[in-house]
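Hi,

Here is the structure I promised to pass on.

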Number of protein chains: 2
Amino acid sequence: MADPGTTGEFALIDWIRRQEPERPVDSWTRVGIGDDCAILAVGEGTGAGCDLLITTDMLMDGRHFHLEQGGPEAVGFKAMGVNLSDIAAMAGIPRAAVVAVALPRANAVEIAHGLHAGMRALADRFAVDLVGGDTNAWDGPLVITVTVLGQATVRGAVRRSGARPGDVILVTGALGGSLAAGRHLKPEPRIAEALAIHRAADIHAMIDLSDGLSSDLGHILAESGGLGAVLDAVAIPIHPDAHEQTRRDGVSALEHALHDGEDFELCLTVAPEAAERLLAAHPAPLYRIGEVTDAAGVFLRSPDGHTTPVEPRGFDHLRAGNER
Amino acid sequence: MADPGTTGEFALIDWIRRQEPERPVDSWTRVGIGDDCAILAVGEGTGAGCDLLITTDMLMDGRHFHLEQGGPEAVGFKAMGVNLSDIAAMAGIPRAAVVAVALPRANAVEIAHGLHAGMRALADRFAVDLVGGDTNAWDGPLVITVTVLGQATVRGAVRRSGARPGDVILVTGALGGSLAAGRHLKPEPRIAEALAIHRAADIHAMIDLSDGLSSDLGHILAESGGLGAVLDAVAIPIHPDAHEQTRRDGVSALEHALHDGEDFELCLTVAPEAAERLLAAHPAPLYRIGEVTDAAGVFLRSPDGHTTPVEPRGFDHLRAGNER
């Protein structure tokens, strides 16, 4: 490929966004491509409006999971979980899901039963109805696409684009090394946490950490008008799995916490007063990791006040070769 | 596999249907698994109800298309078209779509652009917003999942389950041989036709012909409480492609019209008076092919009044090996 800046995943998504024609006046679309979910004002125009959230994710064997190792139930769990995590990122309530699968022909029915059990486990916890699907078999590897519909609360859906200079940046849990112990297969969608935080404070911007903190925080900053951030090196909560990963590859645990993906924690920004209130009331686990700045660029601040730039290592699905 | 009756696609879908737990009282779900679309009463409980339709379809290279032969634009067109056809089958209005893709790594961006152009062509015609997606690349074949949201009209969504004994069975176009000339890649979603028919008459039951007339009509009859049908052999509109297919394989053109899939015409049932009115007013192309009977079983009636049973050859995605 030529210039990675014009041919990678994010350039492609940008290109697709730019192709969208002007929407008809009665369009449902309030937010289209480019956030964790799209936001549709369903029934608008009929006087019966309702803010609907929709998100879709496809997982492929050998890329997002290894069927041989984890079995189909783990795949179903992850496929449902990553979508629920996107609903959480908007502070939404999941309601219904549809599922499409390409099943390896040899064990199609057995795999389907396992996938279903894994999806159902999370669907039961979050009261999600499985309302439809498409079942196929082939000689290729397992592929599953889950699409989840959710509902914004009366406080409205939280977008990536609302961060403001001076905002405090918070995350809901420890980061890094999700591949080390298979945690990337068991996303814990932070639905209840997001709703509790959203009730307690005005969340300016939020995203779920699927591609890695440096990359996902970068999306918030870019979508909020080209802002920057300073992160406190000692404040970033590091997951024990990140240390385990360090023992294997020698890369520092902090680096893993900054750049690894698939933690599925939430990263959010709130006004300083709101942050204080949240950290005192702790409606959910919350870690203060830094603040939003006017000037673009993400920097890491050491305890001595010295700052160094953090290169966002965006996980790019069109280029990366490792399992995700 | 053991008994095909308990291990095929339809048995699996049935099994999944039976696993669904009792729904919470505030569930959106009005119709879940088992029709062309699910029906969700979005915003119910808030007093802001709206009947939402959702459908999803996954297409895989080598199975539903051949990327090498048709190129990515044809794939995008088909992926959007088969979903719009499901919206048509409920007499719904398509509104928004999300797309997930597994792109072959070598030509990922080029293929994505082609897919987008194909989807956009149909999305433009039917005013569908592309509101989100998920972009992946891998070393496997192209897989695409499109999920479409639609809206029921004020007359309500048409289901498969409303056929009544004595109903006239109609189809919107000629059938058979869709593989012969590649017509299966160019579904013409009968959105406008379905809406026009629904305005002119009360449609009791409807389905789009994706698996083949004998199989899809069988779904209407089964879902309507185990009814049957008599089809007039000479009344079934046979597509020129079915004759072409006959020249290739020696199977009669009528057999192709009865059992081939992917015509993407609509099959509907209406009361006899409504059928007369429709056939006179012709709001859309309509062919009267038979009537619904009390007794189960589908029969073919020759001009001399002799009837022979039609075996539904349900296209089963878990078993079949041919391209679809």
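Below is what turned up, topic by topic.

Some housekeeping: this is a predicted model, where local features need pLDDT of at least 70, side-chain atom pairs count only at pLDDT 80 or more, and totals for chains, interfaces and linings use all residues. Residues are numbered from 1 along each chain as its sequence is written, chains are lettered from A and ligands numbered from 1 in the order in which they are written, and side-chain values use heavy atoms, with hydrogens and water left out.

**The two chains**

Chain A superposes on chain B by a rotation of 180° with 0.0 Å of shift along the axis, at an RMSD of 0.0 Å (least squares on the C-alpha atoms of residues with pLDDT of at least 70 in both copies). The two copies are thus related as by a two-fold rotation axis. Both use the same surface: 100% of the contact residues of chain A recur in chain B (contact means heavy atoms within 4.5 Å).

Cys267(A) is in none, and its nearest cysteine sulfur, that of Cys37(A), is 16 Å away. Cys267(A) is buried at 0% relative accessibility, and Cys37(A) is buried at 1%. Here buried means under 20% relative accessible area, exposed over 50%, and partly exposed in between, with a 1.4 Å probe and protein chains only.

**Two helices of chain B**

Helices (H or I, at least four residues) and strands (E, at least two) are DSSP runs, numbered from the N terminus. In H9 of chain B, residues 272-281, the buried residues include Ala274(B), Ala275(B) and Leu278(B). The buried residues of H9(B) fall within an arc of 100° seen down the axis, so they line one face of the helix (the arc is that of the directions from the helix axis to the C-beta atoms). Turned away from that buried side are the exposed Glu273(B), Glu276(B) and Ala280(B). Cover for the buried residues of H9(B) includes S7 (168-171), H5 (191-200) and S10 (266-270) of chain B.

H2 of chain B (residues 9-19) buries Glu9(B), Ala11(B), Leu12(B) and Ile16(B). These cover an arc of only 165° around the axis, which puts them on the same side of H2(B).

**Cores**

A nonpolar core is a set of buried Ala, Val, Leu, Ile, Met, Phe, Trp, Tyr and Cys residues joined through side-chain atoms within 4.5 Å. The largest has 63 residues, and those touching the most other members include Met80(B), Leu103(B) and Leu268(B). Its largest share, 10 residues, comes from H3 (residues 67-89) of chain B. Apart from it lies another core of 61 residues, among them Leu53(A) and Val148(A).

**Salt bridges**

The structure holds 40 salt bridges over all chains (a side-chain nitrogen of Lys or Arg within 4 Å of a carboxyl oxygen of Asp or Glu). In H2 of chain B, Asp14(B) and Arg18(B) sit four residues apart, about one turn of the helix, and their side chains pair at 3.7 Å, N to O. Asp14(B) is partly exposed at 37%, whereas Arg18(B) is exposed at 56%.

Arg160(B) and Asp35(B) form another salt bridge, at 3.5 Å, N to O. That pair links distant parts of the chain, 125 residues apart, and both residues are buried. In chain A, Asp35(A), Asp36(A), Arg159(A) and Arg160(A) are linked in a network of salt bridges.

Cheers

How values were computed:
Disulfide = S-S within 2.5 Å.
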